Each structure stands twice: as structure tokens, then as C-alpha cells.
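Have the sequence and the 3D view open beside you as you read.

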Amino acid sequence: MKILLIGYGKMGRAIQAQAIARGHQIAGIIDPARPETRITDFSPAEVDVAIEFTHPDAAFQNVTDCLQQGLPVVCGSTGWLHHFAEAKALSQQTGTPLFYASNYSVGVNLFFHFNEYMAAKMHQFGGYDVQVREIHHTQKVDQPSGTALTTAEGILRHFPGKTRWRNDAATEAHELAVISEREGAVIGTHIVTYSSPADTIELKHEAHTREGFVQGALLAAEWLPGRQGVFGMKDLLGL
Ligand SMILES: NC(=O)C1=CN([C@@H]2O[C@H](COP(=O)(O)OP(=O)(O)OC[C@H]3O[C@@H](n4cnc5c(N)ncnc54)[C@H](OP(=O)(O)O)[C@@H]3O)[C@@H](O)[C@H]2O)C=CC1
Ligand SMILES: O=C(O)C1=N[C@H](C(=O)O)C[C@H](O)C1
């Protein structure tokens, strides 16, 4: 496949290495360090799929450019979902597919699945309070993490005692505390904790490397071309 890499930071570089190892070609690299190359220079004849990992402030424009150029796009940037409805509408209007996941690792998507099951069970039995905690490296610009938001939304859907999340430890009883910590080079850790006066139950995912994100993004990129619509990891993994 011919892949257009958008963003050439930690994820972009790791995806390039793994894509080449899987026999794909890099059609181009879009990054502020290479201002002479733009997404609008590329057509579907030159690019099978674009993979976008940049910045919360850049992602929506990049996704828009891809969709308008007719380039299927796999986006992993977090912190831009206030524009997601517009991106979905543009995907529909242009007939160009969009894939988005707050976290591409298969392990985290299993964690999301167990999180929803756990929230429903914990609500059924009662007596527990719940909170979400995420820990990431100090270069991360958005907070809470996209993964923590997906986790919080999964809890809110199944645990009616919580009606909204708040990025703060000091919450009211009906608010779900989502606590963000920034520490060294931590790749990404997410913990859901249920506490009662008697005990604590935790569900934890800890990424040891970025390989899980990279493998998932490439699986999505290999799956997306030729489809129409807006997709996520549930579609890819059948979860
Ligand atoms: N969904 C998932 O599974 C995962 C998502 N992420 C998310 O992906 C994003 C990127 O993460 P990561 O690679 O670690 O971050 P990095 O900061 O290491 O890399 C981001 C790169 O994007 C570049 N960039 C900034 N603006 C633009 C633009 N307009 N067009 C093209 N490139 C641009 C940056 O350049 P410069 O430094 O010059 O600004 C930098 O090279 C983040 O939002 C992160 O949360 C990360 C890991 C997994
Ligand atoms: O910025 C990161 O590094 C990561 N971002 C994603 C998020 O915001 O959830 C996924 C992963 O945790 C790494």
C-alpha cells in the first residue's frame, strides 16, 4: 500500500518503520519541518491511505484536507473530537472513508470492552464509587487523554449513578472523576478503580511500548481502503 504519513513525531516515525517492515511504501510525509509538502499535493492515484498522528489543533484540518482530496484517512490524534460531527458529515459528503480511534492498541480495546461490562455489573450490585486515572509522558498536550475519555463515556453509559465526567479529583457524587497525571516518559497507563468501604477492584491497562498503537493503526490502514463511512476499532475487531 502507498501510505501518506501526516505527522512525523513519535507515532509517525514508529509507523513508518513498521509500515516498511510490512512491505508498504511511504508516498509522502507531512510535517511542519517539511513545509514544501502538503496534503493537497496528493491524489488517490498516489496514496491508498493517509495515517494522521499530529496535534489536537491540527488534526481536524488534516482530516478535512484528506477527505476533500479523496484520501481514506486513519486518524489517531486526540483532543479534536469537538469537530468530529463535521468530519463525519464531510466523509459522507465526499464518499471518502474515515477511521478514528482514541487508542489503536488491541489491548486497550479489550480494556474498553471489559470496562463497559464491569460498569454494568458494578452498577447492578451497588455500593461502589468509581474513578478513572490516566498517566502519560510530560510531552502530552491534551488532558484528559482520548483513551480516558472513551473509558469515561463507557462508564457513563452503564453506571447511572454518574451523570458526567470531570477532569478533577474533587467531584460531586454524581460526577465521575477523571484524574490526569504527567510523569517522565510514561507511554500510557489507564486505571479504573471501584472502591467500597470493604474493598477495591481495579481494571488497568499499561502500555509498555508504542508498538500496540502502531500495529493497530496499520491494521486499520490495511482494512480501510475500498470502504465507505466512518469506522472505529469495534468495526475492525468485531468487539
Ligand atoms: N490513537 C492512538 O492510539 C494514539 C494517539 N496518539 C495521539 O497522536 C498524536 C501524536 O502523538 P505523538 O506522535 O506521540 O506526538 P509527537 O508530538 O511526538 O508528534 C506529533 C508530530 O506532528 C507534527 N505536527 C504538528 N502539527 C502538524 C500539522 N499541522 N501537520 C502535520 N504534522 C504536524 C509535530 O511537529 P512539531 O513538533 O514541529 O509541532 C510532530 O512532529 C497526539 O494527539 C496523541 O495523543 C498517540 C499515541 C497513540
Ligand atoms: O499522547 C499519547 O502519547 C497517547 N495518546 C492517546 C490518548 O490520548 O489516549 C493514546 C495513548 O494513551 C498515548
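Isoleucine 51 stands opposite valine 74 in E4, and three bridges join strand E3 (residues 49–52) to strand E4 (residues 73–75), the two running parallel. Strands and helices here are DSSP runs, numbered from the N terminus: helices are H or I runs of at least four residues, strands are E runs of at least two. Two strands count as paired if DSSP finds at least two bridges between them.

Please keep in mind that this is a predicted model, in which local features need pLDDT of at least 70 and side-chain atom pairs count only at pLDDT 80 or more, while totals for chains, interfaces and linings use all residues. Residues are numbered from 1 along each chain as its sequence is written, and chains are lettered from A and ligands numbered from 1 in the order in which they are written.

**The parallel sheet**

- Six strands make up an open sheet with parallel pairing, in the order E2-E1-E3-E4-E5-E11.
- Its edge strands are E2 (25–30) and E11 (230–231), each of which pairs on one side only.

**Two domains**

- The domain assignment of the protein chain gives domain 1 (2–104 + 211–237) and domain 2 (106–206); such bounds come from an automatic or database domain assignment.
- The C-alpha centres of the two domains lie 27 Å apart.
- Ten residues of domain 1 are in contact with eleven residues of domain 2, where contact asks for C-beta atoms, placed from the backbone, within 7 Å.
- On the side of domain 1 that touches domain 2, helix H6 (211–223) and helix H7 (233–237) are the elements that give two or more residues.
- By class, that side of domain 1 has three nonpolar, seven polar and no charged residues. In this scheme Ala, Val, Leu, Ile, Met, Phe, Trp, Tyr, Cys and Pro count as nonpolar, Asp, Glu, Lys and Arg as charged, and the others, Gly among them, as polar.

**The two ligands**

- Which residues come nearest to ligand 1? Of the 26 residues around ligand 1, they are Gly7, Gly9, Met11, Ala58 and Gly76; a residue is near a molecule or strand if its C-beta atom, placed from the backbone, lies within 6 Å of it.
- Helix H1 (residues 10–21) gives the largest share of the shell around ligand 1, three residues.
- That shell holds twelve nonpolar, twelve polar and two charged residues.
- Around ligand 2 you will find Thr78, Ser102, Asn103, His136, Lys140, Ser145, Gly146, Thr147 and Gly188.
- The ligand 2 shell has no nonpolar, eight polar and one charged residues.
- Ligand 2 lies between domain 1 and domain 2, because both give residues to its shell.

- The 20 residues of H4 should span 28 Å at 1.5 Å a residue, and its end C-alpha atoms are 29 Å apart, which agrees; the expected span is 1.5 Å times one less than the number of residues.
- Buried in H4 are Val108, Asn109, Phe111, Phe112, Asn115, Met118, Ala119 and Met122. A residue is buried if 20 or more other C-beta atoms lie within 10 Å of its own, exposed if 12 or fewer, and partly exposed in between, with C-beta atoms placed from the backbone.
- The cover over these buried H4 residues includes E6, H5, E9, E10 and H7.
- Glycine 126 follows H4 and has a positive phi, near 75 degrees.
- H5 (residues 146–158) has buried residues including Gly146, Thr147, Ala148 and Leu149.
- Covering the buried part of H5 are elements including H4 (106–125), E6 (129–136) and E8 (175–182).
- Proline 144 lies in the loop between E6 and H5, and a cis peptide bond joins glutamine 143 to proline 144, with omega about -5 degrees.

**Strand E9 and its partners**

- E6 and E9 pair in the antiparallel sense over seven bridges, with valine 132 opposite valine 192 in E9.
- E9 and E10 (residues 200–206) also run antiparallel, joined by seven bridges, and form a hairpin with four residues between them.
- Across this pair, isoleucine 191 stands opposite lysine 204, and threonine 189 opposite glutamate 206.

Note on methods: Two residues are in contact if their C-beta atoms, placed from the backbone, lie within 7 Å.
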